[in-house]
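Here is a brief report on a single chain. Please look over its sequence and its fold before reading on.

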Amino acid sequence: MSETPHTESADSPDFDDMTRDIAEVPAVEVIVTVAVNLMSAAAVKLGLTEDGEQHKDLDEARKLVHALAGLLDAGATEISSFHAAPLRDGLKSLQLAFREASLVPDEPGQGPGEKYTGPVYG
């Protein structure tokens, strides 16, 4: 049996190039990008998109909002208020949307991410 050498196809990723690309990205951009992705995913799971109820899953939304709050709490001093302020506003909006979507709202301070942000009121 002869082994055929592995060749990359035109549509497979070149991991060396990807590693070089990520090495050039500032940490602030990585943190903000992750935060925006968490926000987007949470909005979908809260039913705030066009498809709304079709993708609504409050258990999943809780996890995403909590992770976002933790990331912002840990990274806020690293990304400056220029980046952190709008992300915190978005987080608060998601926390309020979660509270409104819940049939049995959490006690103040017990909602997703409130461990990091403190109680969120409407």
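The sections below go from the overall fold to single residues.

## Basis of the model

This is a predicted model, in which local features need pLDDT of at least 70, side-chain atom pairs count only at pLDDT 80 or more, and totals for chains, interfaces and linings use all residues. Residues are numbered from 1 along each chain as its sequence is written, and side-chain values use heavy atoms, with hydrogens and water left out.

## Overall fold

The chain holds four helices and zero strands. Read from the N terminus, the order is α-α-α-α. Helices here are DSSP runs of H or I with at least four residues, strands are runs of E with at least two, and numbering starts at the N terminus.

The chain has 122 residues, and 29% of them count as buried. Buried means under 20% relative accessible area, exposed means over 50%, and partly exposed lies in between (1.4 Å probe, protein chains only). A contact means heavy atoms within 4.5 Å. Among contacts in the chain with a separation of 6 or more, 56% join residues 24 or more positions apart.

## Packing of H2 and H3

Helix H2 covers residues 27-45. H2 packs on H3 at an angle of about 150°, and their axes are 8 Å apart. The axes are lines fitted to C-alpha atoms, for helices over the stretch in contact, and angles run from 0 to 180 degrees between N-to-C directions. H2 and H3 are therefore roughly antiparallel. That class takes angles over 145 degrees; under 35 is roughly parallel, 65 to 115 roughly perpendicular, and the rest oblique.

The crossing of H2 and H3 is left-handed: the near helix is turned anticlockwise from the far one by less than a right angle, whereas clockwise would be right-handed. The contact of H2 with H3 has 23 nonpolar, two polar and three charged residues. Ala, Val, Leu, Ile, Met, Phe, Trp, Tyr, Cys and Pro count as nonpolar, Asp, Glu, Lys and Arg as charged, and the others, Gly among them, as polar.

## Along H3

Helix H3 spans residues 58-101, with Ser80 in it. Most residues other than glycine have a negative phi. Ser80 counts as partly exposed because its relative accessibility is 35%.

Leu96 also has its place in H3. Which residues does Leu96 contact, leaving aside neighbours within four places in sequence? They are Val120, Tyr121 and Gly122. Leu96 and Tyr121 are 25 residues apart in sequence, yet their C-alpha atoms are 7.2 Å apart.

Ser102 sits in the loop between H3 and helix H4 (114-117). Ser102 is buried, because its relative accessible area is 13%. A polar atom of its side chain lies 2.9 Å from the backbone oxygen of Phe98.

Gly113 lies in the loop between H3 and H4 too. Gly113 counts as buried, at 0% relative accessibility. Residues up to four places away in sequence aside, Gly113 touches Val65, His66, Ala69 and Gln95.

Glu114 lies in H4. Is Glu114 buried or exposed? Glu114 is buried, with a relative accessible area of 4%. Not counting residues up to four places away in sequence, Glu114 touches Gln95, Arg99, Glu107, Pro108, Gly109, Pro119 and Val120.

Definitions and conventions. Polar contact = N/O pair within 3.5 Å; in protein donor to acceptor, adjacent residues only side chain to side chain.
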